[in-house]
Amino acid sequence: MRKTMEAGLAALIAIYFLGGMSARHEIFPWPQLSALRKLVSGERAAAPSRYTFDDKGRLIGDESKTLVTCPTQTDRTAVLLILGQSNAANDGGQRHTSNYGPGVVNAFDKRCFIAASPLLGSTDTKGEYWTLLGNNLIASGQYDRVILAPLAYSGSEVARWATGGDLNPVLVDTVKQLHDSGYRITSVLWVQGEKDLVIGTAAETYQKHFKSMVDTLRQHGVEAPVYISIASKCLEPSNGGFKEHIPDNAIVRAQLALSKIGNGIREGVNSDALLDQDDRYDDCHIGGTGAEKAAQAWLNLLRSDVRLESSR
């Protein structure tokens, strides 16, 4: 009897935290449960949402999107595969749209849309800075077109991306769709680590799972460099009650070590060091000034590497 009660209590606690997280980020199953509650109670239904999500809360439809013909890739086209958790997803504090019309597009499900926050392919419906990066890449003269292919899940730990994880098949499918559309990925941008610091993932474990994900990419024809961000900082109270950030932690050590092992893995933007308190609107997620800093840092990094490659 006691074990049954303990199991029931644990289930209630899990449901409570799941409900709080899904409500906060407006992801599955909160929108569906909210609509069902209103239907049962007889409340007047709200206007239908313009958004559509899959069963993992990924944004897969937005009635405001502008469908365009997918551009042909040339040597002046950047194709960016964007992976990670909330700071790679649609959780930013500032929305952006393409300054170049179909010059910056959001590729999803073998279709292309003029890039505008939120981007299809990632969770949540707020802002992001990848569209700003696309604008900056074209403004710099480095590229004529930028293809953004985001696949980021809020709150995801690295194990979910490794072989055997639930996001690994989605990653494979995304890569196949890009290849079927005639695109060769030019850079993979990884922004993740905050969740693993909170749950206490060991450095060796983080490295093992990340290398497994990279192996998946290589096995499916992705030869592009994989940029691993230095990202572990998230002081928001809802983030597991994590109160203090120590820069020299297991996740940062793992990320720095991974950037030196080869196999096309390179160090990405160090958002832990780059962004201060004012750049995060809730002590975790990136606000307007943070978006500008991050987009500029990625621009500098990608341009520097392109110049380095062309000089060889």
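**Figure 1. Overview of the protein chain.** Of the 312 residues in the protein chain, 51% are buried (buried: under 20% relative accessible area; exposed: over 50%; partly exposed: in between; 1.4 Å probe, protein chains only). The model is predicted, so local features need pLDDT of at least 70 and side-chain atom pairs count only at pLDDT 80 or more, while totals for chains, interfaces and linings use all residues. Residues are numbered from 1 along each chain as its sequence is written, and side-chain values use heavy atoms, with hydrogens and water left out. The chain contains nine helices and ten strands (DSSP runs numbered from the N terminus: helices are H or I with at least four residues, strands are E with at least two). Its accessible surface is about 14800 Å², and carbon and sulfur atoms contribute 55% of that (Shrake-Rupley method, 1.4 Å probe; for residues, only the protein chains shown count as cover). Among contacts with a separation of 6 or more, 76% are between residues 24 or more positions apart (contact: heavy atoms within 4.5 Å).

**Figure 2. Strand β4 and its surroundings.** Strand β4 covers residues 77-84, and eight of its eight residues are buried, so the strand is largely enclosed by the rest of the structure. One side carries Thr77, Val79, Leu81 and Leu83, the other Ala78, Leu80, Ile82 and Gly84, and both faces are covered.

Figure 3. Strands β4 and β7 (residues 145-152) run parallel and are joined by eight bridges (two strands pair if DSSP finds at least two bridges between them). Leu80 has Leu148 of β7 as its bridge partner. With β8 (residues 187-191), β4 pairs in the parallel sense over five bridges. In β8, Val191 stands opposite Gly84.

**Figure 4. Disulfide Cys70 to Cys112.** This link is one of two disulfides in the structure (disulfide: a pair of cysteine sulfur atoms within 2.5 Å). The S to S distance between Cys70 and Cys112 is 2.1 Å, and the link is right-handed, with 105° about the S-S bond. Cys70 lies in the loop between β3 (67-68) and β4, and Cys112 in strand β6 (residues 111-114), so the pair ties together parts 42 residues apart in sequence. Cys70 is partly exposed, at 25% relative accessible area, whereas Cys112 is buried, at 0%.

**Figure 5. Disulfide Cys234 to Cys284.** The sulfur atoms of Cys234 and Cys284 are joined at an S to S distance of 2.0 Å. This link is left-handed, with -105° about the S-S bond. Cys234 sits in the loop between β9 (226-230) and α7 (250-258), and Cys284 in the loop between α8 (271-274) and α9 (288-310), 50 residues apart. Both Cys234 and Cys284 are buried. Counting bonded cysteines along the chain, the disulfide pattern is 1-2, 3-4.
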